[in-house]
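Please look over the sequence and the model before reading on.

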Amino acid sequence: MPDAAVAARSSEATNSGTTQQVDVAVVGAGFAGLYLLHRLRKAGFTTVVLEEAGDVGGTWYWNRYPGARCDIQTMDYSYTFDPELDREWTWSEKYATQPEILRYFGFVADRYDLRRDIRFNTRVKAANWDDTSERWQLTTDNGADVSCRYYIMATGCLSTPKPPEIDGVKDFKGEVYFTGRWPHDGVNLAGKRVAVIGTGSSGIQSIPLIAEQAAHLTVFQRTASFALPAHNGPSPDDRKTYFEADRAAYREQARWSLAGVPYPQEMAVSWQLSDAERRERFEKAWAAGDLVHILTQLWADQAADFDGNALIGKLIHEKIRAVVKDPETAAALSPHDHPFGSKRPCLDTNYYATYNRPNVTLVNLRQEPIKAITASGIVTDKRSVDLDVIVFATGFDAMTGAIMAVHPITGRAGKSLSSVWAQGPQTYLGLTVAGFPNLFMITGPGSPSVLSNMAVSIEQHVDWVVDRLAALRDAGFTTMEATETAQAGWAQHMADCSMLTLHRMANTWYTGANVPGKAQTLMPYNSGVGPYRGICNEVVSRGMLGFRLTGPNVAEQCNDGEVVRLQPDVRLVLGMLAEMNLPAIESMGAQGARDFLTEFNKGRPAGRPVGEVGSGALQGADGPLPYRLYRPATPGPHPIVVYFHGGGWVLGDEQSDDPFCRDICRRSGMIVVSVGYRHAPEHRFPAAAEDGYAATRWIAEHAADLGGRPGPVLVAGWSAGGNIAAVTCQLARDRGGPQIAGQLLVCPVTDSTFDRPSYVDNATGYFVTRSLMFWFWDIYCSPADRTDPRVSPLRGNLANLPPAFVATCEFDPLRDEGIAYAEALAAVGAPVEQLQARGHFHSSLMMVDVVITGVSARARMAEALRSFAGLPRKLEQIDQDTSPIAVNAAAG
Ligand SMILES: Cc1cc2nc3c(=O)[nH]c(=O)nc-3n(C[C@H](O)[C@H](O)[C@H](O)COP(=O)(O)OP(=O)(O)OC[C@H]3O[C@@H](n4cnc5c(N)ncnc54)[C@H](O)[C@@H]3O)c2cc1C
C-alpha cells in the first residue's frame, strides 16, 4: 500500500492569480474532507478541497509523535459508506498506529482518485460572504483565491495545537517539539535529557516510548488524566465475531448508538449492585481495554451521578497504586479534580509502569508551578531541570480553534464570526450559524463530535450536508441559513443537555477551559449520536425546520421554530414510549389499566435507600386504608408529609409512586406517609377526597406513634393525588382541622374545564392525553358533581389556605389548571411558590433517576416543604455532598 505522504499527487493550484470558481469549497483533507469530496463529486457539484498540509490524512498527517494511535478500535474508526472499501481494508491491530491510519487515508484517496481536486499546502486565511453574488470568497495563502456557493469547514476539532503558555520558550537553546506537529523524519531522542509537558492523550501515548530512548525524561504534569491499559493486539474476538456476523447491522447500530460504537444501554444503577458485582464489572472493563466499554457499560448512573461516578475513580486509583511503586508519584498520578469521563480518559501502554523507571521523574505542577523556561531548561518553584529537548504535549484549541483561525469569517451585513462567538460558539445543530448562509461545519461545536467515535459523526454530518445541498439545488434554492430562533433553541437544548452528565464539572478542552481567555461552555453535544441523528432527520422531515431557503426563481421558504422543545431526557423517554406502541390506557378497562401500571412500574429504576420503609393501616372515611411510610435515616422526630399518589382516582396505590416518595423523604429529611385511598369505579366521588381528608386527620392524630413530629402536618400529591391534597386543605380549614402547614401540588387536577390551551395543545403525544383525562373523570365523577370543590378545588373558597408550592409541566394537559390554581391562591393572599417546568410532561418529575432534568424541580419541592415546616430550606446533609442532586439543585 502506498504511504500517503510519499504518494502525494496534489492537484496544482491552477488558475493561480485568478479566482477559482466552484460550487463547493471544502477546507481540510482529513477524514471529513475526503468523504465530502467523494460525495460532492458523486452528487454533481464542482468541488475543490483546500488543505494546509502536504497530503491527505488531517489528524493523522500531523500527529506523528512516538506512540500515536487511535483510541477507538480501528474496526469502528473507519469509513462505512462503502461496504466494498470496508472489505478491502483490514486493520492489523485493535488500535492502529498513526502510520497505518495515514496509509489508510492514502488508500482511500487513491481508490476514489481524490487528490486531483485537492490543493495541498494551501491555507485558507479568510472567508467573506458576498450578499450580491450569494457566494463565499475565500482568501488563500498559496495560489488562486476561491469563489464558491457553499463553504464547508472540515477543519477538524483537534487540529490547532494550543500555543505554550510558558514564558521563555524562545530562549531555550535545545530542541522544541509539539506532538501535534511532529517532524516527518522523526526525532532522535537517544541519550538526551527530555521534558514532556502535558499528560493528556498525546503525552500518555508518547511518554513510555520517549522514556525508552531518552537518557532522562522529566514529565511535567498539571492535571492527571485517567488512563487505562489499551491491551493492544489483534482485534478482540468477541467484537470481531459480532461485527462479522452482520456487518451492515453492526454499522447501522453504531449510527444509532450513544457513542458511535454498538454497545447496549446499561440499565443497572450503581446502588443496585453489590461491591462484588461492581468490582467484577470494573475488572472486566479494565481487561477489555476499550474506552467506550468503560465509559458506558459499568452502571447506568456512571456519567450522570457524582456518587456512581466516584466509585470508578476509586477503583482506578487502586490500579494506579498497584503499579506505581513510589506512593507520592502514585498519588500525583491519581486524578482527584474531575469525575471519570468528564475529561477524555486515555488509553495507554505501560504508562503508569514507566514511572518506576530510574530515568523518569514526575514533576507535579500543582505543587511546583513552572516559573520559566530558560536557555538550558525548565525552572520550577522547587527545582531547575537541565534539558536537551522539550516536547509540548499540551493539546489543542479544540472544536473552535481551526474555525476561528480563518479570520475573519464575515457573514451577512459584514458580521464576523468571532464577534458572534465572543461568548462561546453559537450554532444550529453544530452545523450552521445564523447570519452565515451556506456555511457548514463538519463536527462543529454543538454536535456530538469529540464525545463520539468521530468516524460515525463525520459520516453523518457529511451525508446530511450533501443530501441537503442536492435537495436545495433540485428545488431551485441557492441559499440556506439557520434562523435566530432555531439557533437560540439549540443553545437552550445544549444547555439542558449539559445538565445531564458530569462533563460540566471538569475544566477541560471539552469546555474550552484549557485555553486562557476562551469562553467556557460544554462544546460537544453530550446526549448521543443516535438521538442527535434523529434530531437532524427530524429537521428535514419537518420541512427544514429552522432554516430559511431562498433562490432566484422560487418563493422563500422558512419554517421557523425550535426542533427540540422537550428536555433531552424527556424526549428520549417519550420516544421510547412511542416505540413501545402501547395501547391507550383508557382502552384497557380499569383493572386492565391497573395491571398494566403494575407491570410498567417494574421496569423503572428502584428508588434510592431511605432510613426505613414500613407499612400499616390507618382509618379512612369508610374503613381502614393501607399506608406506606418512608422515614429518613437521620434521628427524628421528623415532620410528616401526607402523600397522595397519582392515577386519575382510578389507578395506583400507596406504593406506585415509591421512587418519588423516597426521593422527597431523602431530600426533605421528613417522613412521607403515602396513603392507599379508595379508587373508582368501585368507589366513586367523593370517596377519594373524603379518604384523603380522613387519612390526614388520622396521621396528624397519630404523628407521635408514627415517630413523627406532633403538630401540623404537610400534604402533597401528584396529578389526581395533587387534587386530593388541595381538597384536603380546604376540608381541613372548613372542618376544624387538622392543622396543615403547607401543600405541595405536583401537576394537580384542579378543575373540570377542559378547554384551556394546555388541554388543546397537549391533547395527544405526551402520555397523559385529553382522552385519558376524560376517561378518568367519567369513571370517578358524574357530570353533575364536577363543580363540587371536593373535585374541582379551583371552584372552592381559596381564602385562608396553607402556603402552597405548585409545580406544573409545559407539555401537560393539566398545566393551565395548575397555574390557574396557583394564581387564584396568590390572588387571595396565600403564599404560593410556582414552578413551571419547561420541556417536561405530566410524569417527568415523578421519573426519578430516569428524567435527570427533573432533579432540580424535586430539590425545590423539598426545600418548599422544609420551609413550610419551619425548617431551614436546605437540608445540610444533601447540600454538603457534591452529588448531582445538590449540584443540579443549585443550578436549578
Ligand atoms: C492523536 C489523536 C488521536 C485521535 N484518535 C481518535 C480516535 O481514536 N477516534 C476518534 O473518533 N477520534 C480520534 N481523534 C480525533 C480526530 O481528530 C478525528 O477522529 C478525525 O481524524 C477528524 O477528522 P477531520 O477531517 O474532521 O479533521 P482533521 O483530521 O483534523 O483534518 C482537518 C484538516 O484541515 C486542515 N485545515 C484546518 N484549517 C485549515 C485552513 N484554514 N486551511 C487549510 N487547511 C486547514 C488541517 O490541516 C487538517 O489536515 C484523534 C485525534 C488526535 C489528535
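Q: Which residue places a backbone N or O atom 3.1 Å from a nitrogen atom of the ligand?
A: The model is a predicted one. A polar contact here is a pair of N or O atoms within 3.5 Å. The backbone N or O atom lying 3.1 Å from a ligand nitrogen belongs to Glu52.

Q: How far from an oxygen atom of the ligand does a polar side-chain atom of Tyr77 lie?
A: Tyr77 is listed among the closest residues around the ligand, along with Glu51, Thr59, Asp71 and Met454. Trp62 also has a polar side-chain atom by a ligand oxygen, at 3.0 Å. For Tyr77 the distance to a ligand oxygen is 2.6 Å.

Q: Which helix gives the largest share of the shell around the ligand?
A: The shell holds 33 residues, divided into 17 nonpolar, 11 polar and 5 charged. The largest share, 3 residues, comes from α2.

Q: Are α20 and α26 roughly parallel, roughly perpendicular or oblique to each other?
A: Helix α20 spans residues 658–668 and helix α26 residues 855–868, and their axes lie 9 Å apart. The crossing of α20 past α26 is right-handed. Their packing angle is about 60°, while roughly perpendicular begins at 65 degrees and roughly parallel needs under 35. The relation between α20 and α26 is therefore oblique.

Technical notes. Residues are numbered from 1 along each chain as its sequence is written. This is a predicted model: local features need pLDDT of at least 70, side-chain atom pairs count only at pLDDT 80 or more; totals for chains, interfaces and linings use all residues. Side-chain values use heavy atoms; hydrogens and water are left out. A residue is near a molecule or strand if one of its heavy atoms lies within 4 Å of it. A polar contact is a pair of N or O atoms within 3.5 Å; within protein, one must be able to donate a hydrogen and the other to accept it, and residues adjacent in sequence count only if both atoms are side-chain atoms. Helices (H or I, at least four residues) and strands (E, at least two) are DSSP runs, numbered from the N terminus. Ala, Val, Leu, Ile, Met, Phe, Trp, Tyr, Cys and Pro count as nonpolar, Asp, Glu, Lys and Arg as charged, and the others, Gly among them, as polar. Axes are lines fitted to C-alpha atoms, for helices over the stretch in contact, and angles run from 0 to 180 degrees between N-to-C directions. Angles under 35 degrees count as roughly parallel, over 145 as roughly antiparallel, 65 to 115 as roughly perpendicular and the rest as oblique. A crossing is left-handed if the near helix is turned anticlockwise from the far one by less than a right angle, and right-handed if clockwise.
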